[in-house]
Amino acid sequence: MYNNLKWFIYLIIINRSFYVQGERTLGAIFDDGSFFYEAAFNVAIDAVSQNEENPFVGNVIKTSPGDLLEAENAMCSLMESSTFAVFGPTTRIALQHIQGIADFVEIPQIIVEPIETQNRNWSAINLYPHYVSYSKIFADIIKMKSWTDFTIIYEGSEHLAVLDGIVTIQDLDSEEDILMTIVQLPDGDDYRSQLKTIKSSGSVNYLVSCGKDKLPQFLEQAQQVGIMSDVHSYIIMDPDFQTIDINPYKHGGSNITGIRFFDSNLKDIENFVSALNEKVKELSEGKIENDIQQSDLNFKLALVYDSVILYTSAIKAMGLEEGANFTCDSGETWAFGSTIINHLRTMEVDGLTGTIKFDDDGFRSDIEVDVLEVMAHGFEKSAPYGMLKESSKKLEGNERYEGFGIEIIEELAKMNEFNYTFDIQADGVYGSYDSKTRKWTGMMEKIMDGRADFAITDLTITAARQKVVDFTSPFMNLGITILYKKPTKQPPDLFSFISPFSYQVWGWLAGAYVGVSVLLFILGRFAPEEWQNPYPCIAEPETLDNQFTIANSFWFTLGSVLTQGSEIAPIAVSTRMAGSMWWFFTLIMVSSYTANLAAFLTVESKFYAIKSVSDLSNNPYGITYGAKKGGATFSFFKESDNILYQKMYQYMDAHPELMTQTNEIGLERVKSEDENYAFLMESTSIEYMVERNCDVAQVGGLLDSKGYGIAMKKNSPYRQPMSESILQLQEQGKIMRMKDKWWKEKRGGGACADDDTSSGDAQPLVLANVGGVFIVLAAGSGLAIVCAFIEMTINVWMISHKVKVSFREELIAELKFIFSFSGDVKPVRHRESTGSGSKGSKKDDDKEEDDIESTRDDDRLDAQTPHSERSSHSHHTAHSRRQSNAVQMAKMRKYSRQFSNMT
């Protein structure tokens, strides 16, 4: 008994040991005072635990904001629960206090807050971008905009660290001076006094570093004091710039620039926000529903999700099953803590906020962002022709830029052996002729003045520009086309089985069915072999039967169409030929129908409201349309002499509310559920948009043809070699590969999977597709008619020769019977006599009586026995008809003999 008890206790210990190893707990301390961080943490835990034998468990302890004692107690509680890491807190003072404890016991702390004094030896991983790299993004934007005089406006001392890369932007070796004015916003909610001072200084360029909660109020007051006109420019440093409501400020004309780490329209973001709202509803017991909109997702919540994805990936990779499990007073440290930290710093994971990786010091300094601008309209993402490159290293000169146009210049420089330096056009003006000043503007002016040798962007080659500068051969061809909502899927058609053939083919098929059926009926009357003896026991019958009645003819052809066959089999050469042609015809038609029916049943049909610009001009389904106000697309319609395009110009000119300030606004109006809107723009821009916006598509072909070229000074010696090099790159396919890279792969490209692989429009077969088989059927039918006539003629000649009558008389009699359509019983006109009258024997009379009696017995037997289901209508008809004929003829012969004997 003692041994049994010992084993029992041992088994309990083993099971308990396995249970502890199976728990993989991630601890979190959140003091944000809401459910959002906890919800984001739990959503991530659920995501990483799918299909896991030992799922991760979240242990969240909520504390009062900034309460150090509560935070410390929470930390000690988590340490005693076999935790693998501690996420949070969120307030700065509590975070630093917990960091000290985590560093002492070597339990990894995961941070998603900006920390300026982070040490690489800490037991911490911070997913928030390092302040040096973050600052460098805005330093590069300032350089791109060529600001030499600007004001830095910041909220508090915690924002000074991210300004480090800005205040050191001045290049001491450069002759150009940069004037910076630094202003701190006052405490409270009223900044007007400070903003008026800034206005009086004459500064028009502003770098703003303040929290998202105060940013709308700051912009509103800036608008009130009059520093948000078209001469003022802003750079907003907050990472949640895309979540603010810009509607109150977008009509002032100011250029407002910011960044974003993720596109809120992506499917992954949509799924995360949906799960987040569900979790918030659950945690709040239904009190908070759908509080976070997809466009309102802030950067830190996305970082919480990414931090869980990153940390659990490290645990899985290392195969760890047991976390830290000791008290705060034990003085112990976790043996695996530093190992996990070192492993995390070598990892690279794709998250909601981009690629997560760390530099040698353990900082997230290699980041990638989208630069957004708000002109007088709304957000506009930078084009792929030239963009700032994000890197963990400090980049100088040409290394700062990347993009489609950048790569083209790099290739051309290698091929033509020249050096180059990029000079960014700060105002973004490509160049047009100003009739008032009689000068060109923008890039064109720089080229003409010799301040730049080349100009590359999406610069359209026009006749006006070609007069003052030279262009290379186009490196990209494009045209104007339509951006509209993706076609909607059509509901299944109840009568889709009709769709494989067009109505014309169905009509011809019905005509062929009727025609061949009637033809078989006529051929059956022509062909002698189709007239068969209904009672083979009588060598010389008085009548002959024909199986091809009008009903049987239609039944025979219908059975072939439905691939069921029938009991009727043609006998004569002509009817067999016609039947064979009909079988061949039905073989092709049924096979074609079956194949096309499969396509109609498997391919999703879509409803296209418009398919071309002519459809759009007719304004079907109440669709409105417009273009960019004052842009090249609108000018194309204005200057075109095409009647259709002039009609569209007059429509757009009469409806200025349909014109937009930018292509981005046009895109948003197309996507909007509140209006049925189509937008006209250049095809390359549409291609770029549809790769990132899955609910829109390009409709129709190109309305015109034009190209983007590299501009250079008139009579430049580089024009010919550069054009030849561009043609060579096109022939080698390099330019197409570059375009695919920047349109479909980089910066959010390829977000929309190709969902048209199993959809499309299966086309019904028209007469042109199957017309040949109708011709074969007609030819075969014609040949069958010839054969039937030959058969009839030969038979008539043989009969006339045998009975010594005129061929002409016999032929006329035969034709009269054929075309009388008097039935399927044919009397025998020239029958050889086998005995009659008094010369008949008693045996013959008895035989006739036996025939009658036998026939009557058959009738009785048929009446008593149910008909077989296999019998067809034609079989019963022929059988009963033959019986009645036999009975009638036997009776007639008997009565004839009786009458002869009486006489």
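Visitor: How many helices and strands does the protein chain have?

Guide: This is a predicted model. Its protein chain has 28 helices and 32 strands.

Visitor: What share of the 903 residues in the protein chain is buried?

Guide: Buried residues make up 45% of the chain. The accessible surface is about 45900 Å², and 53% of that area belongs to carbon and sulfur atoms.

Visitor: What share of the contacts between residues at least 6 apart in sequence joins residues at least 24 apart?

Guide: The share is 72%.

Visitor: What makes C76 and C328 a disulfide?

Guide: The test is a pair of cysteine sulfur atoms within 2.5 Å. The sulfur atoms of C76 and C328 are 1.9 Å apart, and the pair forms a disulfide. The two cysteines lie 252 residues apart, with C76 in helix α3 (residues 68-79) and C328 in the loop between α10 (299-318) and α11 (337-344). A search of the whole structure finds one disulfide.

Visitor: Why is the disulfide of C76 and C328 called left-handed?

Guide: The torsion about its S-S bond is about -115 degrees, so the disulfide is left-handed.

Visitor: Why does C76 count as buried, and why does C328 count as partly exposed?

Guide: Buried means under 20% relative accessible area, exposed means over 50%, and partly exposed is in between. C76 has 16% relative accessibility, so C76 is buried. C328 has 25% relative accessibility and therefore counts as partly exposed. Another cysteine, C210, has 4% relative accessibility and is therefore buried.

Visitor: What is the strand order in the open sheet of four strands?

Guide: The order is β27-β28-β22-β29, and the pairing is mixed. β27 (624-627) and β29 (696-699) each have a single partner strand, so one side of each is left without a neighbour in the sheet. Neighbouring strands of this sheet are turned by 30 degrees against each other on average, direction ignored.

Visitor: How many bridges join β22 and β28?

Guide: Strand β22 (residues 480-485) and strand β28 (residues 677-682) pair over four bridges in the antiparallel sense, where at least two are required. I482 stands opposite L680 in β28. Helix α22 (residues 683-690) packs on the sheet and touches β22, β28 and β29, its direction making about 120 degrees with that of β28. Helix α20 (residues 643-654) lies across β27 and β28, at about 90 degrees to β27.

Visitor: What makes both faces of strand β25 covered?

Guide: In β25 (residues 543-546), T543 and D545 on one side are buried, as are L544 and N546 on the other. Strand β24 (residues 531-532) runs antiparallel to β25 and is joined to β25 by two bridges, with W531 opposite N546.

Visitor: Why is Q109 called buried?

Guide: Its relative accessible area is 0%, so Q109 is buried. Q109 lies in strand β4 (residues 109-111).

Visitor: Which peptide bond is cis, with omega near -5 degrees?

Guide: The bond from G88 to P89 is cis, and P89 is in the loop between β3 (83-87) and α4 (92-105).

Visitor: Is S82 buried or exposed, and is N715 buried or exposed?

Guide: With a relative accessible area of 4%, S82 is buried. N715 has 67% and is therefore exposed.

Key: Residues numbered from 1 in each chain as written. Predicted model: local features only at pLDDT ≥ 70, side-chain atom pairs only at ≥ 80, totals over all residues. Heavy atoms only, no water. Buried < 20%, exposed > 50% of the residue type's maximum accessible area, 1.4 Å probe, protein only. Contact = heavy atoms within 4.5 Å. Areas by Shrake-Rupley, 256 points an atom, 1.4 Å probe, with all protein chains shown as cover. Axes fitted to C-alpha atoms, helices over the stretch in contact; angles between N-to-C directions.
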